[in-house]
Amino acid sequence: MFTGASFPLGPFTPYESNPILRPRGDSWESANLYNPAALVDGDEVVLLYRAHADDIVSHIGIARSKDGVTFTREDAPILSPSEDYERYGCEDPRIALIDGTYYLTYTGWDRRSAQLCLATSTDLRTWTKHGPLFDDFDTFKTMDPRGFNWSKAGVIVPQRMHGTWWMYFGEGAIYWATSDDLIHWTPGTPDTEPMYSPTPGTWDEALVEIGASPVVTDNGLLLFLTNGATRTVHDDGTVEVDYRCGQIAIDPDEPTRVIARLQEPWLRPQTFEDTHGLVSNVTFVEGLVKFHGKWFAYYGQSDTTLAVAIHDPAQPWGRALRTDAASRAEAGE
């Protein structure tokens, strides 16, 4: 787990040459490419990204970089739909490396239920699928109930807390689960009792969702990048969604309670790619790494292209802006 962070982490500056990956050719990744997991492997950054053709059946591909911004991708996906529960897509990966095994959480999509699934590998190419993790769980239960399984988004904490493994998951609201073996997971509460819900009247009032795997701050907190959204219903009945990126912190001594949140998003749709695409007005983060002394946050742009924002702690203005952001953070909830 990366260390040397502070809450809030940043500021992040979108890379001037974004997008760093686009759809290509007439293959499985020809229409849209977005929402990557990220990890450091030796002297490279590795992205596991979601992509699809016009059929919108998602696969997960892999790309590598020596500098964090210029990536070379492989031609074939590393994970594709093979089971009934994911027949229309393997979507939105997050990843953790623990004791030589990669634990990949992703969304299995059958065009009705979005279910949080798990796959494991020792080489990032050969995967064992363990299926959906949370039967009969709806992470929108307290807001806009789906009436069927819905449990997207899960990040595994890559170290034990209180003698067990922890996962934070959920789109709509955020929940927690524990495991003894990293394969079988038990939610800590029913879906009527989230540990964290949207904040009314703010930029994430429509939903919150876990984004990237956590990092440890200098004072021992777990810092998570998150995604949040607002929804606006226009007079003609159309719905406009705006996805932005935030941060929360959890004390490992109280791992079921959010003790701080960033009141304002650290990333929001601004560029053409951020505001135009399959689902417009979306910046959606799922990958965070510390690489060569800098922090790289990887995000999808309007479900169509892939971008990165960078925080360099060594820049003189970085600490001043980070302090300003901290003054806007809400703590003690």
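Modeller: Let's start with Trp166, which is found in strand E11; helices (H or I, at least four residues) and strands (E, at least two) are DSSP runs here, numbered from the N terminus. Keep in mind that this is a predicted model, where local features need pLDDT of at least 70 and side-chain atom pairs count only at pLDDT 80 or more, while totals for chains, interfaces and linings use all residues. Residues are numbered from 1 along each chain as its sequence is written, and side-chain values use heavy atoms, with hydrogens and water left out.

Trp166 has 6% relative accessibility, so it counts as buried; the cut-off for buried is under 20% relative accessible area, with exposed over 50% and partly exposed in between, using a 1.4 Å probe on protein chains only. Leaving out residues up to four places away in sequence, its contacts include Val155, Ile156, Trp176, Trp185 and Pro255, a contact being heavy atoms within 4.5 Å. Met161 is also touched, and the backbone oxygen of Met161 is reached by the side chain of Trp166 at 2.8 Å.

E11 belongs to an open sheet of 4 strands in the order E10-E11-E13-E14, paired antiparallel; two strands pair if DSSP finds at least two bridges between them. E10 (154–156) and E14 (186–187) stand at the edges with a single partner strand each, so one side of each has no neighbour in the sheet. E10 is joined to E11 (residues 165–169) by 3 bridges, and Gly154 stands opposite Phe169.

Next comes strand E15 (residues 207–210), which is covered on both faces: Leu207 and Glu209 are buried on one side, and Val208 and Ile210 on the other. Antiparallel to E15 runs strand E12 (residues 171–172), joined by 2 bridges, with Gly172 opposite Val208. E15 also has 4 bridges to the antiparallel strand E17 (residues 222–233), where Thr226 is the bridge partner of Ile210.

Val208 and Thr226 turn up again in the lining of the largest cavity, along with residues including Trp203, Arg261 and Leu262. A cavity is a set of points on a 1 Å grid over the protein atoms alone where a 1.4 Å probe fits but cannot get out; a pocket is an open set with protein on both sides within 12 Å along at least five of seven lines, and lining residues have an atom within 4 Å of a point. The largest cavity holds about 60 Å³ of space, a volume being the space filled by probe spheres set on grid points that are joined across faces, edges and corners. Strand E18 gives the largest share of that lining, 3 residues.

Methods. Polar contact = N/O pair within 3.5 Å; in protein donor to acceptor, adjacent residues only side chain to side chain.
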